2 protein chains.
Amino acid sequence: MKPARVEFLQGTLEMLILRTLSTGPLHGYGIARAIGHATQQTIQVEAGSLYPALQRLELQGLLMAKWELSERNQRTRVYRLTAAGKRRLRAEVSRWESFVGAVSQVLQPRPAEE
Amino acid sequence: MKPARVEFLQGTLEMLILRTLSTGPLHGYGIARAIGHATQQTIQVEAGSLYPALQRLELQGLLMAKWELSERNQRTRVYRLTAAGKRRLRAEVSRWESFVGAVSQVLQPRPAEE
DNA sequence: AGCTATATATCGACTGGCTATATACTGGAA
DNA sequence: TTCCAGTATATAGCCAGTCGATATATAGCT
C-alpha cells in the first residue's frame, strides 16, 4: 500500500527541486528526501522522475553538478543552483502563484454570471 | 503574441470543468469561456484540451450530455454534472488543496534542517 | 462574398512523470 | 558470512494529457 499518486506534480517538480537547492547544494537523493520531509510525504519524488529532471535542469544551465563523497563515504552527485537557476526559480514561483490564484478564482463560490 | 502556456494545467483541467458545471449545465465552448472569464484569461482552455477532457469525464459517468440548441440557434452539446461528478469534484478539490499546501511548504522560507 | 464569433471534433507531436530494472556501496542483524 | 535495508544514481519504455493545426458548420454583420 503506497501513498496516492500526486498527478498535480506535473510542471512543478523542477520548481520544487530548484527551491530545495536554493538553501544550499545537495545530492539527488537528498533533494527527494527534503521534499518528502517538508511535505510530510504528501509529495514523494520518485527516482524515475527525479534524475531525468536533474539532467534537464543541468542541461539548461540551471544547476551545476560534481561528484563528491557523502558522509557515508558513498559517491554522490552534488548539485548547486547557478545564477540562471535562481532567476528561473523566481520566475517559476511567480507563475505558480498566479496559476494557483487563477484556480482558486474558479473554485471560489461565485454568483451566477449575468 | 499569445499568453504564455500554462503547463501547470495538467491534472487540474478536469477539476476546473467539474467546478464550472457545478453552477449549472453548460456547453463546452461556454465552459472554456467561463474559465477564461473567471481567471481574467490567465487560464485559457484550448479546444484540443477541452473536448477530449469532456469525453473522458462523460465516459467516467461524471457528466451527462445532450444535444440542444443555443440561443443563437446553433447545435450545442450541453453537459450537466451527475451525482458521481459532484462527489468527484469534492474529492479533487480536497486533493488539490492538500497539494497546494504541500508545495507552499516547500516554497516557504524554512530554517536549515537540523 | 467575406469576416468574425460561435461551436464541436480529431490527429499527431511533444512533454514529463512513473514503473521497472540495473548497478553498487554501507552498516548492522541473523 | 550472509543477508537485508537503506543510500545513491541511472535509464528504457510506457502512458496520460495538453497543445497546435486542421476540419467542419452556422449565424450575423458589412
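Two residues are in contact if their C-beta atoms, placed from the backbone, lie within 7 Å. Keep that cut-off in mind for the second stop.

This is a predicted model, in which local features need pLDDT of at least 70, side-chain atom pairs count only at pLDDT 80 or more, and totals for chains, interfaces and linings use all residues. Residues are numbered from 1 along each chain as its sequence is written, and chains are lettered from A and ligands numbered from 1 in the order in which they are written.

**Stop 1: the two copies.** Select chains A and B.

**Stop 2: where the copies meet.** The contact takes 27 residues from chain B and 27 residues from chain A. On the side of chain B that touches chain A, the elements giving two or more residues are helix 1 (13-21), helix 2 and helix 4 (83-107) of chain B. Helices (H or I, at least four residues) and strands (E, at least two) are DSSP runs, numbered from the N terminus. Helix 4 of chain B gives the largest share of this side, 10 residues. Of the interface residues of chain B, 100% are also interface residues in chain A, so the copies meet through the same surface.

**Stop 3: DNA strand C.** Show the 28 residues around DNA strand C; G48(A), S49(A), H27(B), G28(B) and Y29(B) come nearest. A residue is near a strand if its C-beta atom, placed from the backbone, lies within 6 Å of it. Helix 3 of chain A supplies the largest share of this surface, 5 residues.

**Stop 4: helix 3 of chain B.** This helix has 13 residues and reaches 18 Å from its first C-alpha to its last, close to the 18 Å expected (1.5 Å times one less than its number of residues).

Stop 5: Select the open sheet of 3 strands in chain A, with order 1-3-2 and antiparallel pairing. Two strands pair if DSSP finds at least two bridges between them. Strand 1 (26-27) and strand 2 (63-69) of chain A stand at the edges, each with a single partner strand, so one side of each has no neighbour in the sheet. Strand 2 of chain A is joined to strand 3 (residues 75-81) of chain A by 7 bridges. To end, click A65(A), whose bridge partner in strand 3 of chain A is Y79(A).
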